[in-house]
Amino acid sequence: MNAMNLIAVKSLVPVVVIEDAAKALPLAQTLFDAGIQSIEITLRTDAAMDALETITKASTGLAVGAGSVVSPEQLIRVQAAGADFAVSPGSTSRLLDEAEKQRFPLVPGAATASEVMNLLDRGYTLQKFFPAEPLGGLAMIQALAAPIQSVRFFPTGGINASLAATYLRDPSIHCLGGSWFVPKASLAAGEFEAIARLAKEAQSIALSAAG
Ligand code: 3PG
């Protein structure tokens, strides 16, 4: 199922690597207060599932995504944990089959024209483009979107505050993700004021690019 309607257009999505689930709720509140509309909790740590569940149960106002979902089994788990959507760095037939069977919103990843076209064939107009900067960044996205006009991208990987506005202004970009405004070390240290500052700065970039 397509996740396009769950992630606001021209928004910035924090890609979060969390080691301590107790930090999940204060983080979600900090981000929401800064104007951020959604969050992606990556399944890369032991604490990620607990963090995801804590945020979904608390109804923080954020759309909650699970990131780094690479197997159908993980998709089933994040759906059970209350996630609103899932994001994958790529796609497999098993993952897509499961998402479609469960009617669960998934943003699968693509990096080549054939991958983009295969996902479009299955109805995924919103696709993650990962890892964005190593793959050629916005220039690569524009080259792909020129002949394949119906796709919208959610790029992540190597993006930072100085690149964000240029990405967001491109018509083929639906939203943009990155970890730069929730630095792992700041989160581990519970530095929520520092995260609030970075998230507000990110949000003002998104607002000015949208306007
Ligand atoms: C992702 O999982 O989408 C990326 O690892 C985030 O990339 P970044 O840490 O370079 O922002």
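Reader: Is Asp97 buried, partly exposed or exposed?

Author: The model shown is a predicted one. The relative accessibility of Asp97 is 43%. Buried requires a value under 20% and exposed a value over 50%, so at 43% Asp97 counts as partly exposed.

Reader: With which residue does Asp97 form a salt bridge whose closest N and O atoms are 2.7 Å apart?

Author: The pair links distant parts of the chain, with Asp97 in helix α4 and its partner in the loop between α5 and β7. Asp97 and this partner also belong to a network of salt bridges that includes Glu100. At 2.7 Å between the closest N and O atoms, the partner of Asp97 is Arg122.

Reader: How many residues apart in sequence are the parts that Arg94 and Glu73 tie together?

Author: The side chains of Arg94 and Glu73 meet in a salt bridge, with 3.0 Å from N to O. Arg94 lies in helix α4 (residues 93-102) and Glu73 in helix α3 (residues 72-80), so the parts tied together are 21 residues apart in sequence.

Reader: Is Lys128 buried or exposed?

Author: Lys128 is in strand β7 (residues 126-129), and its side chain meets that of Glu40 in a salt bridge of 4.0 Å, N to O. Glu40 has a relative accessible area of 1% and is buried. The relative accessibility of Lys128 is 4%. Since the cut-off for buried is under 20%, Lys128 likewise counts as buried.

Note on methods:
Residues are numbered from 1 along each chain as its sequence is written. This is a predicted model: local features need pLDDT of at least 70, side-chain atom pairs count only at pLDDT 80 or more; totals for chains, interfaces and linings use all residues. Side-chain values use heavy atoms; hydrogens and water are left out. Helices (H or I, at least four residues) and strands (E, at least two) are DSSP runs, numbered from the N terminus. Buried means under 20% relative accessible area, exposed over 50%, partly exposed in between (1.4 Å probe, protein chains only).
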